[in-house]
Amino acid sequence: MSTREDIEVDLFLEGVYRHYHYDFRNYSRTFIKRRLNLIKTLLQCESFSMLQHQILHDPHLMTKILNYLTIQVGDMFRDPGYFLSLRHIISSYLSTYSSIKVWIAGCGTGEELYSLAILFREEGLESRAQFFATDINFEALKRAEAGIYAVDRLESFENNYRHTDPKHSFSSYYTIKNNYAVFDSALKENTVFYNHSLVSDSVFAEMHLISCRNVLIYFDNSLQERAIGLFSDALIRKGFLGLGAKESLYLSPHAGNFTEFQRKDRIYQKMALQELPLPRVRGHIKL
Amino acid sequence: MYRFQHEISRPLNSSIFIILGFLFILDLYAPLGISVWIFYFIPIVISFFSLQPNLPFLVTFLISIFLFLGFKLSPLGIEESVAIINRSLALISFLGIAIVGNIFIRNQLQSKKHNWLITGQNKLNSQMAGDLVLTELSNKILRFLVDYLEAKIGIIYINDREIFRHMSTYGVSVNAVLLDTIHAEDGLIGQASKDNRPIFLSEIPNDYLKIGSSLGKSSPRHLVIYPFVLNNKTNCIVELGFFNFHAQSTTDLLDFVSRSIASAVQAAQTHLQVHELLIETQRQSEELHSYSEELDKQSETLKLSNAQLEQHQKTVETANRQLKEQSRILISQNESLINANLALELQKQKLTQISRYKSEFLANMSHELRTPLNSSIILAHLLAENREENLTDLQLKYAQTIENSSNELLALINDILDLSKIEAGHMTVLPQNVNILEFVDSMEAVFQPMCAQKGLHFRKEIADGLPQNFITDPIRLGQIIKNLLSNAIKFTETGEVALSVTTAPDVHIAFIVSDTGIGISVEQQSLIFEPFIQVDGALNRKNGGTGLGLSICIELIRLLKGKINLQSRLEQGSIFTVLLPEVLDMPQLQPDLELTPAISSRTGNSGLLPAAAEISFDRAVLNISEFPEHPQLPQNEPIILIVEDNPGFARSTLELANSFGFRGIIAATSEEAVNHLHPHTPSLIIMNGKFKDDVKDSLFAADDLEIPLQLLTANDYSSNDLSDDTREYFLKPFIHQKLMADFHRLQMKTREKLAHVLIIEDDPIERTMMSVLLNSKKIETIEVGSVPECLEQLAKGTFDCMILDLGLPTTSGFSLLETLSMEDRYSFPPVIIYTGLGLTADQELFLNKFSQSIIIKGTKSPERLLDEIMLFLESTGSFVADRNTTGQVNDLAVDVSLEGRHLLIVEDDIRNIFALTSILEPRGATIQVARNGMDGLEALQTSLDGGEQSIDLVLMDIMMPKMDGLTAIRKIRQQSAFKDIPIIALTAKARQIDHDETLAAGANDYISKPLDTNKFIPLLAKWLK
Ligand SMILES: C[S@@+](CC[C@H](N)C(=O)[O-])C[C@H]1O[C@@H](n2cnc3c(N)ncnc32)[C@H](O)[C@@H]1O
């Protein structure tokens, strides 16, 4: 049986989806309710239905609500162990490919992207790598593309960085301008930023490494299943998938497509099977 | 009763009664005193094995009756009283044995039952091992119970917060109505959970769940509903239906395993909860974090506005502002200067671009010229041969003149082409180690005889102190020096021509070509290197030169980063000095480097064949000797018969067959084809469809033959229109794959031998390492260290795969691949590149065309190498077949011809490119691919400039590296030439606004990935109209 509140939430999400094409219908319910309650108090609405009325009539509100429904928390080299493992994967596994495609799904404000870019640079593979950074929050994407962070965050960045077996001094990656750290724009030279939703959109290229951290936690099981299915389709044979510290393929029906590469860091490797080599091309296709 | 009690009873029981009867009859006929009755102990003992504790007593009871009857009815023997005593004693001892038997059987039963329960528990435990997700766990539990208890139907309900959800079912027919959830108070399930006690039912209502099986549907006769309880709480209920029911064993087992099932379910539930809780905490901590960040931001803004207030009060600011204003003016002036500079730079770029376009035009033009010229040369040659001897001398002379001047024209065009190729940036340079001594010797070998012919002396000279080797492109160097030497000989009538090599300042090497010929006047010295200017036209013509040689030289020397200078005096001779750097750095390949023409041209072809496709020659051209059998192929390999009258087509099919190690025979007519069916029966026939009817009868008349037949049509081939002097035919990828699948199948059938891999690697240690690695997987290897050795191997035999290191001495891996793709003498197995070099994007592009995969050496590369090879060896053939079937399904699904259409696919995902190709090519479209928006734009531009076939439609991916699809579409639409070209966007995005965006950018239509052929083809057809 659904409570009145449940119905209201359903209707609100349906309205947002139909009108703004943002699909939060299958996000974790407890999370959505908590956030909507917060918004409700902020906007001084009495009920979700009132909130629904407001958002359907005021497009500017959508941006705000989007910012509430997508959490923008990030840190460079967050969970350093993860990045240490990735460093190893990059230097010994990914280095055997002549070009390497990396997808940072749900990149948020870009900290994860720059962390990876730094690793690739330090392992000498910067020029071979192509990064795809995607998110549904266009404001976050803009900030990711800018690569500018408040100076007071540097301490935490650097602290984490120190635990990833660093090859340089962290300060060489940014310059300080008016209390902001501007990251070396060459780091994002091989990056494209795209608005792409794991809920509705499909695979766009073949990847060697996918890092999707702390995004799946906001999804319910069916959405997680979809997203992991996308990753499984996008990865090359033996490609790597990295998840957030509390995420795993436990419960996922796609788990069979992966092996646990590094359990504690939530890094998985796609198994061989299905993928087959491409036929040789003799002159007729100009690649 | 236990289930196993029935098993042995029946035969045992009957044997007991038979023995009893037999003994009784014996006893009847034997006179009293002969103790036949003593054998009555046998049936009692036999009854021990029956597993029925009461059987010994039953038997003893029967015996007592028989004893009595026997006593009464037997003929007299001994004293009756003695007999009574005997028989009574016997009866007592039989009773004793029966008691022992009873105890024995009970024990036996007990331990059997125990064993059965323990085995069940163990089986169940092994099923439940590991971290199972709840659904998986309940599936396994149910499966076990149903199997072990021989139930016909089963359902498991799991307690989820006092609501029972059915998790798994067994044997329940698909259209049975099952309640998803049952409240803890409802019905039998609720009853069982409330009482924590099992429920047994024997009278099952007719509408109870039917058992779904192929035998029809029937309801089970007995039902057990058993709750699994842990800490007084039912956390799982199983419902089992039986046809034959053993109540005792079923309850015993369920009781026995109940605890472990309940705790396993509990553990799985806890695991799930922990998992969810963990995620929830992470979520909350992130939310908290973002909340605190928000607070931070708010206080920040507060601080900021405060500060602004203060600032406003300060009046000093104004002065400051004025200062700023002035500097701004300065900056803007600066900017306009920069802008002007920029405009200039742009102008300059435009100019060079125009000149490049010009060169490209020239390159294409001369190619266009050559094709007809080639044919006129051939025709003139045939005419001059005068085979039919019907030409007059004069006519003959005309024909010869035509041939000669056409040849001259061809040489001129070749030179122009070379020159424009260099200018257009299409000439590749591949620096390699060049041995100077060997180089000079090779020049001498060519030019010494030419000098001798003209009565000149050829001198070579190598200065001391020269390094043995230096690094440059040997082919280009050869071109330069050959040109200079042949000029020298051309312009010298007496004396000598010399080639000397010395060191030069700045780590350069000087090649000096000197002669004692007519020399060059001072005025002409400055002109001599300009294209199209001849020092002495008349002389040149006499010597058959084009006047472009020196210009080409200059350009080549520039490519090699060298210099040339000239000293000369009229009537005394000339000295050309070429200065080349000792080490030529690998130049950055130009991004627009055209690989196709260089790769697919087979230079040095006779010239007869290519033209044959265009100028229809008579059949004589196409005799089998034109296509020599692959000499290296062992004679017992299968034969492929190719029935095809177009030599180009036939050749490309033959090549494919050869590459699989098959011999091919070509028949150009149906009669020939029939002749070739004997004596060597072909294993596969590949035939142009038009011969089908002629050959079919004779083929299938020979009923003992069952030869697979593959029909092809002209549509299955495509040709390269860019090659230098030959037109070449390729099988379209779709067909190529189909044939490969056929060949592979054939190969599988005919050989069981090990896989052979050729390793080309110059480092002996690596080489050994690799061969050990592969040998460990039962792969045979042959290792070579250089390109010539490799070619030798490839000329000798075929391999399943070759592993190629790119950095080899003298000749690089790149040129090896080029050679292999051009020359028929060598087999060309699939290639895995294994290299220590980093690759440029263009090199990668080049390699991708020829190789299966590229592996860069590193710590994990051996692992990957092995993996790729194994995968490759295992999957050849099978994948081809797979791709094929989907292709054919496509065919059937929507049939639209795209014959003659030229499509540009701008897409980054290689899998998609292949998917598209396999949809489009079988329908007759030709395809060009660009890997990002930028390349796409360029491809369109080139098509406009007449370089390529004009493009009918663009398929544009949206999410690509470098330049995204939307930007690319906008840029395309900005050009008036492309205002109307149909563009279809391929998008991974599903939202309507994304689609609207592509249309707004200028796409005509869009289609979502993954592609649905049923929608895609009609869409294409619509926009191609
Ligand atoms: C907590 S942030 C993670 C940032 C970064 N990956 C990290 O771990 O540091 C979660 C991000 O997921 C994004 N996101 C939420 N739903 C998404 C969806 N359906 N598709 C893609 N990204 C999504 C949000 O916009 C947000 O930027």
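These legends go with close-up views of a predicted model. Local features need pLDDT of at least 70 and side-chain atom pairs pLDDT 80 or more, while totals for chains, interfaces and linings use all residues. Residues are numbered from 1 along each chain as written, chains are lettered from A, and side-chain values use heavy atoms, without hydrogens or water.

**View 1. The residues around the ligand.**

View 2. Look for a polar side-chain atom of A:Q72, 2.9 Å from a ligand oxygen. On the backbone, a polar atom of A:L198 lies 2.9 Å from a ligand nitrogen, and one of A:R213 lies 3.0 Å from a ligand nitrogen. The protein buries 98% of the 600 Å² that the ligand exposes when taken alone (Shrake-Rupley method, 1.4 Å probe).

**View 3. A closer look at B:S1008.** This serine belongs to strand β31, residues 1005–1008 of chain B; strands are DSSP runs (E) of at least two residues, numbered from the N terminus. With a relative accessible area of 30%, B:S1008 is partly exposed, a class between buried (under 20%) and exposed (over 50%), using a 1.4 Å probe and protein chains only. Its C-alpha atom is 10.0 Å from that of B:D957, 51 residues apart along the chain.

Definitions and conventions
A polar contact is a pair of N or O atoms within 3.5 Å; within protein, one must be able to donate a hydrogen and the other to accept it, and residues adjacent in sequence count only if both atoms are side-chain atoms. Helices (H or I, at least four residues) and strands (E, at least two) are DSSP runs, numbered from the N terminus.
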